[in-house]
Amino acid sequence: MRRNIDIAVALGIVVALPLLLSSGSLASEVLIYALAVLGCNLLLGYTGLLSFGQGIFFGLGSYTIGLMLTRTGLPMPLALVASIILGGLAAGLVGIVSIRQKGTYFVMLTLAFAQMFYFLAYSVPSLTGGDNGLLNIPRPPLSAFGVVLWDNTTAWQFYAMVAVIFLLVFVALHRVTTSIFGRTLLAIRDNEVRASAIGYNVPRFKLLAFVLSGAVTALAGALNAMMVGVAPLANAEFHVSEMILVMTVIGGAGNLAASLIGALFYVLAADWLSTLWPRWLMLLGVLLVVISLGMQRGLWGLIEDGFLALTGRFKRTGEIRVEEKQV
Amino acid sequence: MSAEFLLEARQVTKHYGKFVALGGVDLRVRRNTVHSVIGPNGAGKTTLFHMLTGTLGATGGSIAFDGQDVTREPAHVRVRKGMARSFQVTSLFPTLTVRENLRLAAQGVNARRAFNLWRSPQGHWSCAEMVDRVIERLGLRNQERTAAGSLSHGQQRRLEVGMALSAEPKAIFLDEPTSGMGIDDLDDMKTLIADLGRDYTVVLIEHNMGIVMDISHTVTVMQQGRVLVEGTPQSVRDDERVRTAYLGSMITGGRK
């Protein structure tokens with residue numbers, strides 16, 4: 001039943017955002033980063049892989065949609081699909097090289113690829129616009145056979161499209177994480193050696209998770225470029241990888257609704273606090289320390305415990321939490 | 001390749017740089033027997049196990065299983081051919097339930113089916129029959145919904161053996177299944193292993209001589225990366241070289 005709770009939470013937030021926020025762009029930003037965080041969570045929370053390279057796929061998604069919409073006549077939905085496919089392929093390449101390495105070395109390899117991608121983007125201005133980024137990316141309406149189905153002119157119209165995409169991806173990833181494949185990923189996260197000893201080809205499972213993660217992250221990058229009308233070099237920067245990872249940890253790894261909470265918290269905090277106090281990132285640092293020391297299930301864990309305490313079911317025991325509902 | 005032996009290892013060696021962990025070991029395991037490998041600490045028992053199950057690659061020699069050469073096969077491929085192992089240090093999926101641990105182990109034989117991104121493990125995908133049988137055999141019916149990490153040590157050791165059982169193997173490799181167990185749990189484990197010897201081929205590393213001498217059909221004694229003696233429990237117990245290797249102390253226990 002927890003599965004339905006997650007989807008209900010996602011649906012609730014998607015519907016509530018337009019009621020609570022005045023800016024459609026801000027609301028879209030929340031969902032776009034939430035998509036990227038879902039991708040990161042699939043790796044960190046479900047497979048046990050810490051990737052510092054998510055910015056590669058985010059940036060690649062931005063550039064791909066930018067090129068497709070400005071230089072080819074490809075319809076917008078197909079341009080999005082192209083971004084997804086390229087993101088998946090790039091993740092496949094990075095994954096093939098990195099995935100067999102364990103722990104620190106895997107992290108370092110993703111970091112190295114992130115840096116290489118940034119300088120690659122910087123050094124081919126004919127494709128990426130270099131320092132200026134790819135400018136004048138349009139936000140075409142969703143149309144079929146010349147009939148406009150959905151106009152994307154206003155920020156809220158665009159939000160509606162992003163919201164539908166987000167919910168589709170959320171439900172699909174939910175299905176994936178509760179599937180036979182997803183359950184096997186949990187086993188790999190828990191104990192790689194044993195997973196291999198009972199017959200699983202561990203690197204292949206990790207690679208597929210990585211490809212899925214890259215594809216979803218590229219979709220987020222593409223939507224981001226459409227929203228701001230630019231594919232800036234900043235989208236390929238290491239900072240993006242870091243931000244996605246921080247949102248994932250703050251929300252709580254290993255739960256998809258937590259990813260949305262993490263992105264929501266980060267994006268809104270950045271928006272509100274940065275106007276009040278330019279050094280607000282320091283507060284974020286404090287929060288990260290608290291989460292890392294004693295609240296490793298993140299904000300989602302806090303909400304869950306709060307809910308259980310309210311309904312009187314909270315038990316502070318040393319017992320290991322059983323992973324989700326078992327079949 | 002004879003049908004009499006399920007497993008035949010010839011001149012298996014393992015070198016770590018200049019250090020020779022295994023210096024050419026021959027081991028032949030008869031079908032449907034309990035074959036124990038014993039020896040002092042550092043004799044190379046666990047290393048030999050890693051070679052046989054594919055956890056680590058061998059430096060030299062050959063390993064044949066059920067008539068097929070598996071020397072170069074990685075661990076997950078050997079599982080499909082009917083090898084399953086337990087670990088000396090308990091190695092489970094701690095946040096998953098007992099049932100889920102066993103289901104994953106049962107499904108591992110058909111690991112390719114696990115690339116299904118859409119179906120949840122229900123119905124005939126749940127391997128329920130197999131899992132139920134193993135839970136019954138392990139006596140963990142009341143704990144089936146408990147996270148593996150929350151079980152008592154003795155229960156974890158039994159689940160550890162159960163992980164190997166779920167794969168419906170031809171041979172089960174048990175690496176010190178009683179390690180760290182209390183006296184109360186020892187008898188249960190002994191009964192379990194003896195019971196397994198009737199349905200499967202069991203290769204056992206064990207320090208508890210009581211168990212080894214009571215339930216083994218064949219005992220191989222290792223010392224310094226080589227086979228010292230091999231024979232029935234009785235002949236091994238009476239062997240002078242074995243007595244010297246063990247300084248005459250441990251081997252005396254376990255007379256029926």
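User: How many residues does the contact take from chain B and from chain A?

Analyst: This is a predicted model. On the chain B side, the elements that give two or more residues are helix H2 (75-80) and helix H3 (98-107) of chain B. That side divides into 19 nonpolar, 12 polar and 7 charged residues. The contact takes 38 residues from chain B and 28 residues from chain A.

User: At what angle do the axes of helix H3 and helix H4 of chain A cross?

Analyst: Helix H3 of chain A covers residues 54-71 and helix H4 of chain A covers residues 76-98. H3(A) passes H4(A) in a right-handed crossing. Their axes come within 8 Å, and the crossing angle is roughly 145°.

User: How do the residues of the contact of H3(A) with H4(A) divide into nonpolar, polar and charged?

Analyst: From H3(A) the contact includes Ile56(A), Phe57(A), Leu60(A) and Gly61(A). Among the residues they and others of H3(A) meet in H4(A) are Leu80(A), Ser83(A), Leu86(A) and Val94(A). The division is 14 nonpolar, 4 polar and no charged.

User: Why is H2(A) described as largely enclosed by the rest of the structure?

Analyst: Helix H2 of chain A runs over residues 24-44 and reaches 30 Å from its first C-alpha to its last, close to the 30 Å expected. A residue is buried if 20 or more other C-beta atoms lie within 10 Å of its own. H2(A) is largely enclosed because the number of its 21 residues that are buried is 18.

User: Is Ala36(A) buried or exposed?

Analyst: Ala36(A) is found in helix H2 of chain A. Leaving aside residues up to four places away in sequence, Ala36(A) touches Gln54(A), Phe58(A), Thr217(A), Ala220(A) and Ile244(A). Because Ala36(A) has 32 C-beta neighbours inside 10 Å, it counts as buried.

User: What separates the C-alpha atoms of Ala36(A) and His174(A)?

Analyst: Along the chain, Ala36(A) and His174(A) are 138 residues apart.

User: Is Asn136(A) buried or exposed?

Analyst: Asn136(A) is found in the loop between helix H6 (125-128) and strand S1 (142-144) of chain A. Although not a glycine, Asn136(A) has a positive phi of about 55°. There are 10 other C-beta atoms within 10 Å of Asn136(A), so this residue is exposed.

User: What is the phi of Asn32(B)?

Analyst: Asn32(B) sits in the loop between strand S2 (19-30) and strand S3 (34-38) of chain B. With 14 C-beta neighbours inside 10 Å, Asn32(B) counts as partly exposed. Asn32(B) is not a glycine, yet its phi is positive, at about 50°.

User: How many other C-beta atoms lie within 10 Å of Leu22(B)?

Analyst: Leu22(B) lies in strand S2 of chain B. Not counting residues up to four places away in sequence, the residues that Leu22(B) touches include Val12(B), Leu48(B), Met51(B) and Gly225(B). Leu22(B) is buried, and the number of other C-beta atoms within 10 Å is 26.

Notes:
Residues are numbered from 1 along each chain as its sequence is written. Chains are lettered from A and ligands numbered from 1 in the order in which they are written. This is a predicted model: local features need pLDDT of at least 70, side-chain atom pairs count only at pLDDT 80 or more; totals for chains, interfaces and linings use all residues. Axes are lines fitted to C-alpha atoms, for helices over the stretch in contact, and angles run from 0 to 180 degrees between N-to-C directions. Helices (H or I, at least four residues) and strands (E, at least two) are DSSP runs, numbered from the N terminus. A crossing is left-handed if the near helix is turned anticlockwise from the far one by less than a right angle, and right-handed if clockwise. Two residues are in contact if their C-beta atoms, placed from the backbone, lie within 7 Å. Ala, Val, Leu, Ile, Met, Phe, Trp, Tyr, Cys and Pro count as nonpolar, Asp, Glu, Lys and Arg as charged, and the others, Gly among them, as polar. The expected span of a helix is 1.5 Å times one less than its number of residues. A residue is buried if 20 or more other C-beta atoms lie within 10 Å of its own, exposed if 12 or fewer, and partly exposed in between; C-beta atoms are placed from the backbone.
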